[in-house]
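Let's take a walk through this structure together. Have a look at it first, and then we'll go through it piece by piece.

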Amino acid sequence: MLTIDNLSNEIDGKAILKGLSLTINAGEIHAIMGPNGAGKSTLAYTLGGRPGYAVTGGSATFEGADLLDMEPHERAAAGLFLGFQYPVEIPGVSNLQFLRESLNSQKRARGEAELNGGEFIRLAKEKAGLLDLDMDMLKRPVNVGFSGGEKKRAEMVQMGILDPRLAILDETDSGLDIDALKIVGSGINAIMRKPDKAVLLITHYQRLLDYVKPDFVHVLAGGRIVKSGGPELALELEREGYGEVLAA
Ligand code: ADP
Ligand code: MG
Ligand code: MG
């Protein structure tokens with residue numbers, strides 16, 4: 001589904017990713033862990049096509065297409081979803097308006113029929129139910145006055161509605177209490193743990209991985225994947241720290 005080969009980039013002339021390679025197949029859940037400043041968010045932004053993240057070498061292929069050659073909205077329409085550590089607030093636009101327009105613009109880009117109002121509301125109710133988020137929350141402006149947990153749950157409702165092939169979730173667990181973590185974890189499983197989908201979870205802590213069990217765990221350090229393993233690698237990192245594990 002996603003093949004990243006020897007990817008390098010720079011921000012403001014400073015090299016961040018330095019030859020990163022990673023392959024994600026349909027049906028797989030991958031976790032990336034790594035020290036602060038390793039380049040984890042940079043990887044997510046670069047795959048999403050954020051301006052200013054200049055690719056200087058390597059390639060990224062998504063479902064057979066050259067991802068790096070696509071505009072951000074084309075990447076989204078092709079089935080790539082990015083979840084961010086700090087979701088933006090959009091005063092004056094309700095969640096439901098925002099979600100419906102996001103979904104329908106992707107459907108237009110793919111040449112699919114748009115959902116009418118009734119169809120959309122049914123879909124939104126179903127996905128909000130998965131995240132235990134009240135529909136009244138979705139009538140409010142996007143993220144304005146939402147708690148950290150509500151923002152993350154609303155973002156996972158968005159993921160459910162957009163129904164992506166690949167979700168890249170950057171520190172989705174940050175700022176969540178245990179109850180919210182459970183709800184978000186089970187939402188990710190319900191929406192994304194399917195044979196034709198894949199997830200890249202970027203996380204500092206292993207606790208999210210108790211709820212969303214990864215098939216592979218990778219350590220990103222110095223702009224590259226320096227170690228890969230199974231779920232046990234996350235436990236080892238939590239126990240011993242990056243220094244110990246990377247020195248071994
Ligand atoms: P992580 O998510 O792993 O903590 P980041 O990808 O956020 O790491 O950052 C990787 C490196 O890139 C850090 O050294 C950070 O200071 C640098 N960096 C990130 N964004 C910018 C930016 N906009 N301008 C300059 N340097 C940046
Ligand atoms: Mg960080
Ligand atoms: Mg980060």
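**The core, a helix pair and a ligand**

In the largest nonpolar core, which has 64 residues, the ones touching the most other members are A167, I168, V199 and L201. A nonpolar core here is a set of buried Ala, Val, Leu, Ile, Met, Phe, Trp, Tyr and Cys residues joined through C-beta atoms within 7 Å; buried takes 20 or more other C-beta atoms within 10 Å of a residue's own, with C-beta atoms placed from the backbone. This is a predicted model: local features need pLDDT of at least 70, side-chain atom pairs count only at pLDDT 80 or more, and totals for chains, interfaces and linings use all residues. Residues are numbered from 1 along each chain as its sequence is written, while chains are lettered from A and ligands numbered from 1 in the order in which they are written.

Stay with I168 for a moment: leaving out residues up to four places away in sequence, I168 touches A44, L47, L82 and L200 (contact means C-beta atoms, placed from the backbone, within 7 Å).

Next, find helices α6 (residues 148-162) and α7 (residues 178-192), whose axes come within 10 Å and cross at roughly 5 degrees. That makes α6 roughly parallel to α7 (the word covers angles under 35 degrees). From α6, G149, K152, R153, M156, M159 and G160 meet A180, I183, V184, G187, I188 and I191 of α7.

Finally, ligand 1 is surrounded by residues including D12, K14, N36, K40, S41 and T42 (C-beta atoms, placed from the backbone, within 6 Å of it). The biggest share of that shell comes from α1, with 3 residues.

Conventions:
Helix = DSSP H or I, 4+ residues; strand = E, 2+ residues; numbered from the N terminus. Buried ≥ 20, exposed ≤ 12 C-beta atoms within 10 Å, placed from the backbone. Contact = placed C-beta atoms within 7 Å. Axes fitted to C-alpha atoms, helices over the stretch in contact; angles between N-to-C directions. Parallel < 35°, antiparallel > 145°, perpendicular 65-115°, else oblique.
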